[in-house]
Amino acid sequence: MLAIECALSKELAMSGKSNHVQDLRGLSRLTTDAVTQITHLVEAVHLDVVERTGSWSGGLHRPVAAATRGVYRAVRGITQLAGMGVGALIGGLQPLLGERSGWPGREPMVAALNGVLGDYLVASANPLAIPMQLRVHGKALRLEREALAHAFPHAGRRVMVMVHGLCMSDLSWHRRRHDHGAALARALGCNVVYLRYNSGLHVSTNGREFAGILEQLVQAWPVPIEQLDIIGYSMGGLLARSAHHYALEAAHSWPARLARLAFVGTPHHGAPLERRGNWLNTVLGISPYTARFTRIGNVRSAGITDLRHGNLLDEDWQTHGRFHHHDNRQLVPLPPHTQCFAIAGTLGLHDDELKGRLLGDGLVPTMSALGQHSDAARVLPIPSERQWIAYGANHLDLLNRKDVYEQLLNWLG
C-alpha cells in the first residue's frame, strides 16, 4: 500500500497537480505518528519517575510500572487503529474529493513541513514528502527534449537555475511582487528554471540528486547550453556547492558549462541558531528527568542539523553523527573555473553597528555568508569585488530588495 501511495504521489507531483486525498492521507498519517511518539515520550518520563521512587516505595513501583506500560500500550494501539480508520475513510472519499490543482497556503505549508520533518516524511513514505524537480510557474518540467522545447519555445543557450532555501519552495522566490529569477531572465534574455526540493534531507543527499538533475537538463535542453548560472539562496547555495562536488565525482558535463554561481545569504560556515539549539539539547540530556525531552530536539530534520556548520558532504555527518557539536567538515573548494559571488545581509545600517556584527541578517552571520572564517584554510576565496553587503536587511529581505537584484544584475549581466 505504501509503495502504491508513493508512486501515485510522485506521478501527481510530476503532473504539477496536488491530490486533496493524498494531502489528507499524509496529514492523517503524520498526526497519528506524532501522537504515537508523544505517547512514547510521556510514557518514558512517567516510568523514569516511577523507577526513581522505587527506593522508598517498598516495591510498589513494580506493579505501578507494569500497569503504566499497559495503559500507554493501549493508548498507542487505539491511536494506530484510529489512524487506520481515518486512512480508510479518506480512501473511500477519493471519488468524491477528486483532484485539485492546489488549495490556498498548501505550497508554503508543505514546504515548511518538509524543512522541519522532511527526512522523516521520506522514511515513513508519507505522501507529503516533496520530490526533487525543476519547475517553472509552479509546474514540474519533464526533462525530455520535446517536453522542454514545448515549455521553452524560444530556448536559448544560457540557462539560469534558482535554488531556494530551508522550509521554502520554488514559489518562495516570488516575494512582494518581485522574483529575482524572472526579473533577471527578462533583463538578460536568458531562460530561468527553479529547483524544488525537500529541504529536510541532508544537503549532501539533495546535492547528489541535484547534480544528476542538472545533467539531465543539459542533455535534454533543446539547444546546446553554453552558459549555466546558478543562484542559491540560503541553504540553496550549500546545495549548489554540494552538487558541483558530486558532479565532478560522477564525471558530469554540466560543471564545464557553469559560468557564474551567486550565493545570497548562504551560511557557508553555519548558522548560530542551530548550534545553540544543539547545545540546549545537550544540556537537557544531562539531567535524568529532562533527558527524555531531547527526543523533541532530535526530531528536527537532517537538513536543519546540516546548517550547524554548513555540511556539504556525506562524510561531514556520517563519521560523528548529525548531532555532533564540533566542525568536522571536509574542505570543499569553490568551482575553479566559475565566477563566484556572495551577498550577505545585515540588520545593522553600517559596519560598526553592534546589532549587525552580532546577528548578521538575523539568521546568517555576515562572515558566514561571505565565506570568511577565522581558520584560513576554510576561507572561500571570493574576491572582494564579488562580495556585497545589504545593510538594514533581514534574511527574507534578500529575496525582494531592489538593491540586491541590481547587484545580481550587475554581476551576471
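Let me begin with R135, which counts as buried at 3% relative accessibility, where buried means under 20% relative accessible area, exposed over 50%, and partly exposed in between, with a 1.4 Å probe and protein chains only. This is a predicted model, in which local features need pLDDT of at least 70 and side-chain atom pairs count only at pLDDT 80 or more, while totals for chains, interfaces and linings use all residues. Residues are numbered from 1 along each chain as its sequence is written, and side-chain values use heavy atoms, with hydrogens and water left out.

R135 forms a salt bridge with E107, with the closest N and O atoms 3.2 Å apart; the term stands for a side-chain nitrogen of Lys or Arg within 4 Å of a carboxyl oxygen of Asp or Glu. The two residues are 28 apart, E107 being in helix α5 and R135 in strand β3, where helices (H or I, at least four residues) and strands (E, at least two) are DSSP runs numbered from the N terminus. E107 is also buried, at 17% relative accessible area.

The structure holds 10 salt bridges, and another of them joins D229 to R158, with the closest N and O atoms 2.8 Å apart. D229 lies in strand β9 and R158 in strand β5, so this pair ties together parts that are 71 residues apart in sequence, and both residues are buried.

A further salt bridge runs between D314 and R208, at 2.7 Å between the closest N and O atoms, and it links helix α13 to helix α8 across 106 residues. Here D314 is buried at 13% relative accessibility, whereas R208 is partly exposed at 38%.

Finally, the largest nonpolar core has 50 residues, a core being a set of buried Ala, Val, Leu, Ile, Met, Phe, Trp, Tyr and Cys residues joined through side-chain atoms within 4.5 Å. Among the members that touch the most others are L134, V161 and F210, and the largest share, eight residues, comes from α8.
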